[in-house]
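The sequence and the model are shown first.

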Amino acid sequence: MKITERARLDSGMYVMDAAPTVNRVRHRMPVARGACPYSRNPVRGWVQIAYHPAGKVLEVVALHQRVQEISSGMNGASSAEQVATDIAAACAGALGVAVNVLLVLHLRPAQRIDITVETP
């Protein structure tokens, strides 16, 4: 789902033209809760996606929806590491630039896991 007519589909993600003065973009949003059918983890968590745009940026509403789909396991991801990797690959593929993803999850029992993925 895209929110603006300026957005266009590129490699499965919606992107828009970046303003020429923008040199770094950072998105931070919550991930799906309770995606694991056994442990019901994560209790809560968020993902941060950062990149240096080269002419285009991610459309935020569609990005949020895609992150929710990936983090809920709808795309077949079966681990937190795979969720972070899938988010990074989807964003880098659409943008054509290196992307840094930080996935932070609070898990039962009383744990926090931070996973970082950097695309080439």
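Ser11 sits in the loop that connects strand S1 (8-10) with strand S2 (13-17). In this predicted model, Ser11 has a positive phi of about 55 degrees, although Ser11 is not a glycine. Most residues other than glycine have a negative phi, and most peptide bonds are trans. Ser11 is exposed, with a relative accessible area of 53%, a value that lies over the 50% cut-off for that class. Arg40 also has a positive phi, near 65 degrees, and is likewise a residue other than glycine. The place of Arg40 is in the loop between S3 and S4, and at 46% relative accessibility Arg40 counts as partly exposed.

The loop between S3 and S4 also holds Pro42, which is joined to Asn41 by a cis peptide bond with omega of about 0 degrees. A cis peptide bond is found as well from Arg108 to Pro109, with omega near -10 degrees, and Pro109 belongs to the loop between S6 and S7. The backbone angles of these loop residues are set out below.

| Residue or bond | Backbone angle | Loop |
|---|---|---|
| Asn41 to Pro42 | omega about 0 degrees | Pro42 between S3 and S4 |
| Arg108 to Pro109 | omega near -10 degrees | Pro109 between S6 and S7 |

In what order do the 4 strands of the open sheet stand? The order is S3-S4-S6-S7, and the pairing is antiparallel. Strand S3 (25-30) and strand S7 (111-118) stand at the edges, and because each has a single partner strand, one side of each is left without a neighbour in the sheet. On average, neighbouring strands of this sheet are turned by 10 degrees against each other, direction ignored.

The pairing can be followed strand by strand. S3 and S4 run antiparallel and are joined by 6 bridges, and His27 stands opposite Ile49 in S4. Strand S4 (residues 44-51) is in turn joined by 8 bridges to strand S6 (residues 99-107), again in antiparallel fashion. Trp46 has Val104 in S6 as its bridge partner, whereas the bridge partner of Arg44 in S6 is His106. S4 is mostly covered, with 7 of its 8 residues buried.

Two helices lie across this sheet. Helix H1 (residues 60-71) lies across S3 and S4 and runs at about 50 degrees to S3, while helix H2 (residues 80-95) lies across S4, S6 and S7 and runs at about 155 degrees to S6. Two packed helices are described by the angle between their axes and the distance between the axes. For H1 and H2, the axes come within 9 Å and cross at roughly 145 degrees, and the crossing is right-handed. In the contact, Leu63, Arg66, Val67, Ile70 and Ser71 of H1 meet Val83, Asp86, Ile87, Ala90 and Cys91 of H2. By class, this contact of H1 with H2 has 7 nonpolar, 1 polar and 2 charged residues.

In soluble globular proteins, nonpolar side chains tend to be buried together. The largest nonpolar core of this model has 33 residues, and those with the most contacts inside this core are Val47, Ile49, Tyr51, Leu58 and Ile87. The elements that give two or more residues to the core are S2, S3, S4, strand S5 (56-58), H1, H2, S6 and S7, and H2 gives the most, with 9 residues.

Which residues does Ile87 touch, not counting residues up to four places away in sequence? They are Val47, Ile49, Val67, Ile70 and Val101. Among these, Val67 and Ile70 also take part in the contact of H1 with H2.

Leu103 lies in strand S6 and is buried, with a relative accessible area of 1%. With residues up to four places away in sequence left out, Leu103 touches Val31, Trp46, Val47, Ala80, Val83, Ala84, Ile113, Asp114 and Ile115. The C-alpha atoms of Leu103 and Ser78, which are 25 residues apart along the chain, are separated by 15 Å.

How values were computed:
Residues are numbered from 1 along each chain as its sequence is written. This is a predicted model: local features need pLDDT of at least 70, side-chain atom pairs count only at pLDDT 80 or more; totals for chains, interfaces and linings use all residues. Side-chain values use heavy atoms; hydrogens and water are left out. Two strands pair if DSSP finds at least two bridges between them. Axes are lines fitted to C-alpha atoms, for helices over the stretch in contact, and angles run from 0 to 180 degrees between N-to-C directions. Contact means heavy atoms within 4.5 Å. Buried means under 20% relative accessible area, exposed over 50%, partly exposed in between (1.4 Å probe, protein chains only). A crossing is left-handed if the near helix is turned anticlockwise from the far one by less than a right angle, and right-handed if clockwise. Ala, Val, Leu, Ile, Met, Phe, Trp, Tyr, Cys and Pro count as nonpolar, Asp, Glu, Lys and Arg as charged, and the others, Gly among them, as polar. A nonpolar core is a set of buried Ala, Val, Leu, Ile, Met, Phe, Trp, Tyr and Cys residues joined through side-chain atoms within 4.5 Å.
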